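Here is a short briefing on one protein model. Keep the sequence and the 3D view side by side as you read.

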Amino acid sequence: MSQSSPGIKVKRNKGEQFRKALAELGTLDRCRKIASDVAYVYLPVLRELVEEKRLMEISDYEMVEMEFKPEPPVTTPESILGYQPSFEVVGDIAIVEQENARLVASALMSSCQNLRSVITPVSDVEGEFRTRRFRHVAGEERTITVHKEHGLRYWVDLEGAYFTPRLGTERLRIARQVSPGDFVLDMFAGVGPFALLLARRGARVVAIDKNPVAVKYLRENAILNKIDLEILEGDASDLARNYENTADHVIMNLPHNAHQFLIPAIQAAKNGGVVHYYAISQDDDLYKDLDLIEAAAFQLGVMIEALYKGVVRSYAPHRYNVVMDFRINKPS
Ligand SMILES: C[S@@+](CC[C@H](N)C(=O)[O-])C[C@H]1O[C@@H](n2cnc3c(N)ncnc32)[C@H](O)[C@@H]1O
């Protein structure tokens, strides 16, 4: 007997964007087939995982209940476990939560052909370099892998340097604003997912990171993808001073501490340049950092023009990773 299940209805021209975002958020119901008619695409979803704010940023959509045809039966982690486990995949490594880690790992290893290793975090993302420690759960014992994103490949050491695939859609949003020939200063570049993507678009990129491990992988990733950019190891507040009034775009992806670097970032932007500022905030005051941005601009005697603000992803209960893009207007 057929049964209706939740889905979202989007205009055809937005279908692929939604499919990718849902897949990235782990919200796409892979056991059911995507449907379409002349005007709309209907994507089956796992309702409890739908992040409304995140999807609304793509465009309007409608929640529907309908009969989606089942995908041919395949063994999924859900079919083995009886529930949808939460996990993240980086390259051929799955990161699972500590609870039931062994059970989930065994379900993943037997249903996901491309996985070679399963690990679980034993610390938060912590310290200046924003790294995590992991415990090996199943498969090969390693935290190093190659992850593919937007046609680029990245060597990643999950324990040695920060990386998350959950910013993939956000990186594309930034890339669409960058033109060939623009000068981009990526102040907190990690292993390079913003920097390399923007350099591939034809921007001249200077990528900074203080973590030597991140810089080592960033250099390897530039070679692996045959992309030319300048890579600097050191403190962004010191190094950014060498680029005053030059940057078309400044990327500030250090969400917990970006406010401490606002002065050098604004100084690095040229007149008309845009700063892309990330923060973590509570849901009752998502864009509170706008006050800090205004204060830094006032201190430097420049004007800022807010261009965009949005939620990038949920971070923890009631806490979100948000972005604010603002243009710098400097007196001549
Ligand atoms: C949240 S991660 C972002 C990495 C990368 N942009 C990405 O999307 O994967 C922040 C990065 O900033 C680096 N970092 C922290 N403090 C820094 C500083 N004072 N100067 C330069 N880099 C710093 C960390 O080592 C880390 O790689």
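Ser4 lies in the segment before β1. Helices (H or I, at least four residues) and strands (E, at least two) are DSSP runs, numbered from the N terminus. This is a predicted model: local features need pLDDT of at least 70, side-chain atom pairs count only at pLDDT 80 or more, and totals for chains, interfaces and linings use all residues. Residues are numbered from 1 along each chain as its sequence is written.

**Ser4**
- Ser4 is exposed, with 10 other C-beta atoms within 10 Å. A residue is buried if 20 or more other C-beta atoms lie within 10 Å of its own, exposed if 12 or fewer, and partly exposed in between; C-beta atoms are placed from the backbone.
- Leaving out residues up to four places away in sequence, Ser4 touches Glu65, Met66 and Glu67. Contact here means C-beta atoms, placed from the backbone, within 7 Å.
- Ser4 and Val64 are 60 residues apart in sequence, and 9.4 Å apart in space, C-alpha to C-alpha.

**The sheet**
- An open sheet of 4 strands runs in the order β2-β3-β1-β4, with antiparallel pairing. Strands pair if DSSP finds at least two bridges between them.
- β2 (35–36) and β4 (62–66) are the edge strands, and each pairs on one side only.
- Strand β1 (residues 5–11) is joined to β4 by 5 bridges. Gly7 stands opposite Val64 in β4.

**Domains**
- The domain assignment gives domain 1 (5–66), domain 2 (77–142) and domain 3 (165–329). Such bounds come from an automatic or database assignment.
- The centres of domain 2 and domain 3, taken over C-alpha atoms, are 29 Å apart.

**Nonpolar cores**
- The largest nonpolar core has 81 residues. A nonpolar core is a set of buried Ala, Val, Leu, Ile, Met, Phe, Trp, Tyr and Cys residues joined through C-beta atoms within 7 Å.
- Domain 2 and domain 3 each give this core at least three residues.
- Another core, of 12 residues, lies apart from it and includes Ile8 and Tyr42.

**Around the ligand**
- Of the 21 residues around the ligand, Phe188, Gly190, Lys210, Asn211 and Ala236 come nearest. A residue counts as near if its C-beta atom, placed from the backbone, lies within 6 Å.
- Domain 2 and domain 3 both give residues to the shell, so the ligand lies between them.
- α6 (193–200) and β12 (204–209) each supply at least two residues of the shell.

Key: Two residues are in contact if their C-beta atoms, placed from the backbone, lie within 7 Å.
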